[in-house]
Amino acid sequence: ANPREGAKLVVAEAARNVGNLAMLRDVSKAVEFYRKALAAEPSHTETARLLGQALILVGDLRGADAAYNEALRVAKEHGDQWAVMAAHIGLGEVFQKSRDLSAAKKSFTAALRIPNRLQKADPAATYLQRDIALALDRIGNVMAAQGDGRGALGSFRKGLALREQAL
C-alpha cells in the first residue's frame, strides 16, 4: 500500500472525528472539518452525508444538495445500499426545507424502496424495519405538510407497527 494514501486516510478519519465532535457545539466548524476529510478521502460516502447534514443545519441547502448528491453518486458506484438510502433521506430533507414537497416525497419514497427490497430478499433481516419506519415517518411528515392528513396517519401507523414488532 502507498504510504501517502495511508496518511490521507488517517487525516480523513481524524478530520471526520473532529467534525463529529464539533457537531455538538459549532456546526460551522463541523462543516470545515468534514470538507477537510472529504478532500483527503473523496469517496467516503458517510463523510459526504455528514457534510450534507451539517450544511442543512447552517442553512446552506445548495451545499447540502451537492453533498448528498455526491454521497448518492459514490454510494451507487460502490453498491452501498445503506448509503444510497441515507443519501435519498438527506436529499428529501433538503427538498423539504426548500419547500419542494413533491421532490421530498420522491426522495423519501426512493429511500423506502431500498430496505423494502432488501427485506423481501431476506425476511429474517428484521433490522431493516428501523430503516423502513424512518422512511415512512419522513413520508408521513411530507404528506402532513401537503395537507394529506389521512395519508400521513397511514404512513405513521405503518412505521409505528414496525417499531412495535421489533420490541
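**Entry 1: the largest cavity**

I looked up which element gives the largest share of the lining of the largest cavity, and I found helix 5, with 4 residues. I note here that the model is predicted. How many cavities of 30 Å³ or more are there? I count 1. The space inside the largest cavity comes to about 50 Å³.

Next I listed the lining. I have T45, E46 and R49, then A71 and A75, then W82, A83, A86 and A87. Helix 3 (45-57), helix 4 (61-78) and helix 5 are the elements that each give two or more residues to this lining. I sorted the lining by class and got 6 nonpolar, 1 polar and 2 charged residues.

**Entry 2: the largest pocket**

I then turned to the open spaces. The largest pocket has a volume of about 170 Å³. I find 13 residues along the lining of the largest pocket, and R49, A86, I89, L134 and R138 are the closest to its centre.

Which element supplies the largest share of this pocket's lining? Helix 5 does, with 6 residues. Helix 3, helix 5 and helix 7 (128-145) each supply at least two. By class, I put down 6 nonpolar, 2 polar and 5 charged residues for the pocket lining.

I checked two names against my first entry. R49 and A86 are on the list for the cavity lining. R49 and A86 are also among the residues closest to the centre of the pocket.

**Entry 3: helix 5 against helix 6**

Helix 5 kept coming up, and I looked up how it packs. Two numbers describe a packed pair of helices: the angle between their axes and the distance between the axes. Helix 5 covers residues 81-97 and helix 6 covers residues 101-121. I read an angle of about 160° between them, with the axes 7 Å apart. The crossing of the two helices is left-handed.

Helix 5 brings Q81, V84, M85, H88, I89, L91, G92, E93, F95 and Q96. Helix 6 brings L101, A103, A104, S107, F108, A110, A111, I114, P115, R117 and L118.

One last cross-check. I89 of helix 5 is in the contact with helix 6, and I89 is also one of the residues closest to the centre of the largest pocket.

Definitions and conventions. Residues are numbered from 1 along each chain as its sequence is written. This is a predicted model: local features need pLDDT of at least 70, side-chain atom pairs count only at pLDDT 80 or more; totals for chains, interfaces and linings use all residues. Side-chain values use heavy atoms; hydrogens and water are left out. Axes are lines fitted to C-alpha atoms, for helices over the stretch in contact, and angles run from 0 to 180 degrees between N-to-C directions. A crossing is left-handed if the near helix is turned anticlockwise from the far one by less than a right angle, and right-handed if clockwise. Contact means heavy atoms within 4.5 Å. On a 1 Å grid over the protein atoms alone, a cavity is a set of points where a 1.4 Å probe fits but cannot get out, and a pocket is an open set with protein on both sides within 12 Å along at least five of seven lines; lining residues have an atom within 4 Å of a point. Grid points are joined across faces, edges and corners, and a volume is the space filled by probe spheres set on the points. Ala, Val, Leu, Ile, Met, Phe, Trp, Tyr, Cys and Pro count as nonpolar, Asp, Glu, Lys and Arg as charged, and the others, Gly among them, as polar.
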